[in-house]
Amino acid sequence: MSRKLNKAIIKSVSGRILTYIIQLASLAIYARLFSPEEFGVIASIQVFVIFFQMLADIGIGPAIINEDKFESNKRNGVFTVTAIFGIILAVLFFFFSYALNSFYNGYEYQQIATFVCAAIFFYSLNIVPMTAMNKDTKFIHLAFVDVFVECFSLFVVYILYIMSFGLLALAARYSTQAVVKFLIIWFLSRKTELGRPSFGSELYHIKSILKFSLYQFGFNFINYFSRNLDNILIAKYFGMTSLGIYEKSYQLMRYPLMITTFAMTPAIQPILTKFRNEKAMIIREHNRLTSILLSMSLPIAVFIYLNSSNIVLTLLGEQWLAIDPLLKIFSVMIPIQAVLSTSGSFFQVMNQPRLLFISGLISAVVNVTAIVTGIIIGEIKYVAYALVIGFSINYVQAYFILFKYCFVSSSKEFYLRQLMSVRVMLPPIVLYYLIIHIFLPSYNHSPFVSLSINAVIGLVSIIVFFVHIKEKLSDSNINYK
């Protein structure tokens, strides 16, 4: 079982690494073309785009993957429903954009909304083809698609920028990505088990997956507010420049998660769903995977914390240096999010969307309380501090519910593995800190050179302790195989 899951994860991660390298390069270019305020305006409307995309999805993708068989007539009926949802939601969003003008004190969103409406429609249309690719674990194909789409959209944005379209050039990125990605994924889905969808008349088939999908939608709905309320309130009370800085710092924190956790989680449900009756094996795979994720994320978090200013200067430039203190705070959250973000997939594997919804509801209450507390205090750095505390609380409650009510098993081995991961990674982390802060001479290098030197030192520190790590794992009383 581990071999199958590992193979799917390796395919997903290896594909995603290339994707995120391209996205980081694109981010560096965009950051030099557009100001924090312009990014803030786009981020302020993007928050609501995510909401409308979530309404279009209603948990359809995970629900289809959860099905053992999904005939072509069902597929086509559901595909048609997503198209109808997409049209309705795109029209609704355009009229909703008028309300945003008032909410954000005078920004005119209608021209931007035109591009966004196209993105919403094609995102909705892409749900079924994308699910077909994920169900067959075609992650390498998806990665190459994402790379092409990112490069193509960067080309379009740059052409519009030099033609003096200003903010609309950046807004065009999302519609370009949505249209091109749908066309390619729809074409590639022909060679999947689910097959290429087409329009059908049997719309009632959507009812067959509603029970699972509605709980999934409920989780996504409350998760949306707990993850995006900070952007909405910061834009409202602190302004677009503050939102641009906050959103970019959070985005930089998320990139390591995208390469690790977010790249792995698509592989979990399609593989493990076939073995959901073997609960002991599922638990073993969960504990193994989360310990690996924690071991990977700890050194990454420390590296970002110690090199935040060089990261910002190298990727974004001096106009974004205000990100530095926020990025330090958010880096503390990386190991917590790396482990926590996998929990939802295991609720899905065990066919427990109701428990996923309950856990998500508690998470939403905790995170919303944290965000509002930070806003009331009056500085965005306190929003960041509050979120670190909120995610720490949610780590505890999510795994309590997962083991107590979903796995119906003891969580002792899980926490022992987590502690072992910390213990194993602590020596190279301490060595790295000592080298760059005490033993390494202070030179006035460029940010890129300093970042490169520190990255090499960090990698060497881990390699030096690799044998030590293997010995610790083999000497442990916990079976890691």
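**Figure 1. Accessible surface and overall make-up of the protein chain.** The accessible surface of the protein chain amounts to about 21100 Å², with 66% of this belonging to carbon and sulfur atoms; areas follow the Shrake-Rupley method with a 1.4 Å probe, and for residues only the protein chains shown count as cover. The model is predicted, so local features need pLDDT of at least 70 and side-chain atom pairs count only at pLDDT 80 or more, while totals for chains, interfaces and linings use all residues. Residues are numbered from 1 along each chain as its sequence is written, and side-chain values use heavy atoms, with hydrogens and water left out. The chain has 21 helices and zero strands (DSSP runs numbered from the N terminus, helices being H or I of at least four residues and strands E of at least two). Among contacts with a separation of 6 or more, 85% join residues 24 or more positions apart; contact means heavy atoms within 4.5 Å.

**Figure 2. The second largest cavity.** Two cavities of 30 Å³ or more are counted (a cavity is a set of points on a 1 Å grid over the protein atoms alone where a 1.4 Å probe fits but cannot get out, and lining residues have an atom within 4 Å of a point). By class, four lining residues are nonpolar, one is polar and two are charged (Ala, Val, Leu, Ile, Met, Phe, Trp, Tyr, Cys and Pro are nonpolar; Asp, Glu, Lys and Arg are charged; the others, Gly among them, are polar).

**Figure 3. Asn 307 in its loop.** Asn 307 lies in the loop between α12 (279-306) and α13 (308-315). Asn 307 counts as buried because its relative accessibility is 2%. Beyond its neighbours within four places in sequence, Asn 307 contacts Tyr 432, Leu 451 and Asn 454. Although Asn 307 and Leu 451 are 144 residues apart along the chain, their C-alpha atoms are separated by 6.9 Å.

Conventions. On a 1 Å grid over the protein atoms alone, a cavity is a set of points where a 1.4 Å probe fits but cannot get out, and a pocket is an open set with protein on both sides within 12 Å along at least five of seven lines; lining residues have an atom within 4 Å of a point. Grid points are joined across faces, edges and corners, and a volume is the space filled by probe spheres set on the points. Buried means under 20% relative accessible area, exposed over 50%, partly exposed in between (1.4 Å probe, protein chains only).
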